[in-house]
Amino acid sequence: MHELPFAKSIFHAVVTKAEANGATKVTRVVIEVGVLRDFVPEIVQKYWKYVTKGSMAEDSSIEMNEIPATVTCGDCQTVYEINVHDLVHTHCPQCGCQTGKMLTGRELRIVGIEIE
Amino acid sequence: MKELKFIDLKQCILDDNGHVADEVRELARQKKFFLWNIMSSPGAGKTTFILDVIRRLKGEFRIGVIEGDIESTVDAQKMQALDVPTVQLRIGGDCHLDAAMIKKALENLPLDELNIVIIENIGNLVCPAEFDLGANLPSMLLSVPEGDDKALKYPLMFSVCKALIVTKIDCLPLFDFDMEALKINTRRLNDDLQIFPVSAKTGEGMDEFIAMLKQLIANNLQLL
Ligand SMILES: Nc1nc2c(ncn2[C@@H]2O[C@H](COP(=O)(O)OP(=O)(O)O)[C@@H](O)[C@H]2O)c(=O)[nH]1
Ligand SMILES: [Mg+2]
Ligand SMILES: [Zn+2]
């Protein structure tokens with residue numbers, strides 16, 4: 001459900017960019033999403049179909065690349081990847097401590113679009 | 001056959017909201033008010049907590065409220081009963097507030113007279129965390145009955161807040177809520193997060209929270 005407003009923002013940005021480049025059609029969109037955003041690819045697809053209907057981006061594909069969540073260890077500054085679905089077992093591989101500061105995992109970017 | 005062209009964008013989808021949030025930050029700096037965003041699930045106790053904070057700070061600060069509750073204007077009426085300028089946002093079925101709504105709401109508050117503006121966000125632990133509102137203090141309320149494992153289930157929310165208020169601690173004897181487990185779980189992603197256990201019912205912990213808040217406001221508004 002929370003993907004819908006983003007699908008609309010992506011659509012808006014994509015169309016603006018495509019028109020600025022003299023395109024008549026958008027065929028493919030690639031986005032990058034941090035895992036903490038908790039975007040479900042199938043749901044993104046569904047909303048993309050819905051928001052692009054009747055537009056220059058109708059029938060375009062949307063590809064979602066996931067960016068893993070990483071933190072900087074609060075003790076030894078080691079950067080390590082965390083499994084957001086198993087946070088309980090997350091600890092620094094270097095010093096074993098369980099504190100950190102979020103580094104990546106909240107991204108939300110349009111990487112590029114393919115136009116005709 | 002038409003030519004295919006791939007355009008590199010690297011465009012942040014949240015840029016639009018981010019720019020408006022920056023404008024809100026700048027407005028708060030110019031008009032010298034402290035903007036405080038309070039997020040939680042529905043019923044966690046935002047309104048009760050805000051009313052208690054207002055009663056405690058009224059003598060010293062002039063406070064305004066932006067009320068983002070979905071259903072009705074009940075909460076706004078409670079604020080107005082305390083003589084606090086309040087803007088009720090009409091958000092229909094939206095699940096979050098964004099920076100543009102806050103900017104608009106601020107236009108309807110007497111900013112020259114205010115030191116603090118409190119935002120009661122929409123009850124939801126997912127969407128509100130995704131939008132920067134330009135607040136000096138993004139914070140979250142977690143009530144004891146909701147359980148200590150919420151940091152594991154809503155990591156984004158816990159990672160964007162600077163303060164976590166654990167409320168309804170008067171209910172602790174009734175639940176198996178583990179405060180230590182909560183601390184460990186939040187610090188996995190956000191080791192700067194400050195945690196304040198309080199009860200808006202008994203007043204326990206409120207003095208400590210108010211002391212921190214006053215210090216933060218003083219630092220932000222250079223009142224010291
Ligand atoms: N026992 C107890 N109940 C509380 C406390 N804070 C709020 N409540 C109750 O929780 C319910 C929901 O509170 P409300 O402030 O409306 O929550 P909101 O939806 O987050 O604004 C109300 O019945 C409050 O009286 C507290 O600290 N202790
Ligand atoms: Mg409320
Ligand atoms: Zn470490």
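Visitor: What distance separates the centres of domain 1 of chain A and domain 2 of chain A?
Guide: Welcome! This is a predicted model, where local features need pLDDT of at least 70, side-chain atom pairs count only at pLDDT 80 or more, and totals for chains, interfaces and linings use all residues. Residues are numbered from 1 along each chain as its sequence is written, chains are lettered from A and ligands numbered from 1 in the order in which they are written, and side-chain values use heavy atoms, leaving out hydrogens and water. Domain bounds come from an automatic or database domain assignment, which gives domain 1 (3–67 + 105–115) and domain 2 (70–100) in chain A. Taken over C-alpha atoms, their centres are separated by 32 Å.

Visitor: Which residues coordinate the zinc ion (ligand 3)?
Guide: Donors are N, O and S atoms within 2.8 Å of the metal (3.2 Å for Na, K and Ca); water is not among the atoms, so sites may look incomplete. Here the donor residues follow the spacing C-x2-C-x15-C-x2-C. At 2.3 to 2.4 Å, the SG atoms belong to Cys73(A), Cys76(A), Cys92(A) and Cys95(A).

Visitor: Is Cys92(A) buried or exposed?
Guide: Buried means under 20% relative accessible area, exposed over 50%, and partly exposed in between (1.4 Å probe, protein chains only). Cys95(A), at 38%, is partly exposed. Cys92(A) has a relative accessible area of 1%, so Cys92(A) is buried.

Visitor: How many of the twelve residues of α2(B) are buried?
Guide: Helices (H or I, at least four residues) are DSSP runs, numbered from the N terminus. Among the buried residues of α2(B) are Phe49(B), Ile50(B) and Leu57(B). The helix is largely enclosed by the rest of the structure, because its buried residues number nine.

Methods. Helix = DSSP H or I, 4+ residues; strand = E, 2+ residues; numbered from the N terminus.
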